[in-house]
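Here is a friendly note to keep beside you as you look at this model for the first time.

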Amino acid sequence: MNQNNLSLPSGCILRKATSGDQWSIRLLVFSAKLDPTQLNWQQFWVIEYNDNLVACGQLRNFSGAQELGSLVVASAWRGRGLGSLLTQHLINTATQPLYLECLGQRLVKFYSRFDFVPICFEDLPQFPKTTGLSTLKDKFRFSQLAKRLLKVPVVFMKYQGQTNS
Ligand SMILES: CC(C)(COP(=O)(O)OP(=O)(O)OC[C@H]1O[C@@H](n2cnc3c(N)ncnc32)[C@H](O)[C@@H]1OP(=O)(O)O)[C@@H](O)C(=O)NCCC(=O)NCCS
C-alpha cells in the first residue's frame, strides 16, 4: 500500500543529510545495532526536531539495485509515524530496484505495508557488476550465512512497486 498521505509531527523537518549530521547518524545507527557499513552521509535522509536528529535512513547503492537501510527512529520518537514517513520517502527517492534485509516478523509486517515482499536468497537477482559498485547479492551472502549457521532470523525483502528508474 502507498503511504504517501502520512504527515510529520509539528516541528519535525525531513531533509537530506549534510556533512554536519555524520556523527548523529552514526550514533543513531550504532545505538540500534544496525549494519555499521556504508554510512556515507550523502546517501542519507534525516528528520530533525529542534536541531536534533530524531530519525535517519538511507539508500545504499549497488550494481543495478539499491538497499533501503539504516532506518532508525530515536526511541523517544517511535510509534508516531516517523519510520513510515521516512520509508515511504526513501521508496519515492529510489531509482533502482529496491531491496532490504531485516530481522524478525515485526519488521517484516512493517515493511509489508509498503509493498515489500519476502524473497529468498536464491531468488535475489545477480545484476551485472558495474565498475566501482559491489553487488547486493554479495552483501546479503553474509547475512544468508548467519541465517543458515547461526539461525539469525534475517528476512530479505523486495519492493514490488515501481521505482523511478
Ligand atoms: C522500525 C522503526 C524504524 C519504526 O519506526 P516508528 O517511527 O516507530 O514507526 P511508525 O510509527 O511509522 O510505525 C509503527 C510501526 O513500526 C513497527 N515497529 C515499532 N517498533 C518496532 C520495533 N521495536 N521493532 C520492529 N518494528 C517496530 C511496527 O510495525 C509498528 O506498527 P504497530 O504499532 O502497528 O505494530 C523503529 O522502531 C526503530 O528505529 N527500530 C530500531 C531500528 C530498526 O530495527 N530499524 C529497522 C532496520 S531493518
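1. Let us begin with Asn61, which counts as partly exposed because it has 19 C-beta neighbours inside 10 Å; a residue is buried with 20 or more other C-beta atoms within 10 Å of its own, exposed with 12 or fewer, and partly exposed in between, the C-beta atoms being placed from the backbone. Asn61 sits in strand β3; strands (E, at least two residues) and helices (H or I, at least four) are DSSP runs, numbered from the N terminus. Apart from neighbours within four places in sequence, Asn61 is in contact with Gln66 and Leu133, where contact puts the two C-beta atoms, placed from the backbone, within 7 Å. Its C-alpha atom is separated by 22 Å from that of Val108, 47 residues away along the chain.

2. A word on the source. This is a predicted model, in which local features need pLDDT of at least 70 and side-chain atom pairs count only at pLDDT 80 or more, while totals for chains, interfaces and linings use all residues. Residues are numbered from 1 along each chain as its sequence is written.

3. Which residues of helix α1 are buried? In α1 (residues 22-31) they are Ile25, Leu28 and Val29. Seen down the axis of α1, these buried residues fall within an arc of 95 degrees, so they line one face of the helix; the arc is that of the directions from the helix axis to the C-beta atoms. They pack against β2 (44-49), β3 (52-62) and β4. On the other side of α1, Trp23, Phe30 and Ser31 are exposed.

4. The next thing to find is the core. The largest nonpolar core has 35 residues, and those with the most contacts inside it are Ile25, Ala55, Cys56, Val72, Leu82, Leu86 and Tyr99. Such a core is a set of buried Ala, Val, Leu, Ile, Met, Phe, Trp, Tyr and Cys residues joined through C-beta atoms within 7 Å. Two or more residues of this core come from each of α1, β2, β3, β4, α2, β5 (98-103), α4 (136-150) and β7 (154-159). In soluble globular proteins, nonpolar side chains tend to be buried together.

5. Ile25 touches Ala17, Leu39, Trp41, Phe44, Leu53 and Cys56, leaving out residues up to four places away in sequence. Cys56, in strand β3, is buried because 27 other C-beta atoms lie within 10 Å. The C-alpha atoms of Cys56 and Leu14 are 9.4 Å apart, although 42 residues separate them along the chain.

6. Now for the ligand. Of the 17 residues around it, Ala32, Arg78, Gly83, Ser84 and Phe110 come nearest; a residue is near a molecule if its C-beta atom, placed from the backbone, lies within 6 Å of it. At least two residues of this shell come from each of β4 (65-73), α2 (82-93) and α3 (105-112), and α3 gives the most, with four. The shell divides into nine nonpolar, four polar and four charged residues; Ala, Val, Leu, Ile, Met, Phe, Trp, Tyr, Cys and Pro count as nonpolar, Asp, Glu, Lys and Arg as charged, and the others, Gly among them, as polar. Phe110 belongs to helix α3 and is partly exposed, with 16 C-beta neighbours inside 10 Å.

7. Please check the backbone at a few places too. Most residues other than glycine have a negative phi. Gln38 has a positive phi of about 50 degrees although it is not a glycine, and lies in the loop between α1 and β2. Asp51, in the loop between β2 and β3, has a positive phi near 70 degrees. Asp51 is exposed, with 6 other C-beta atoms within 10 Å.

8. Finally, the record. The UniProt annotation "domain: N-acetyltransferase", from an unreviewed entry, covers residues 12-147; its positions follow the numbering used here, feature names are shortened, and annotations may be inferred rather than shown by experiment. The end C-alpha atoms of residues 12-147 lie 37 Å apart, and the span is 31% helix and 29% strand.
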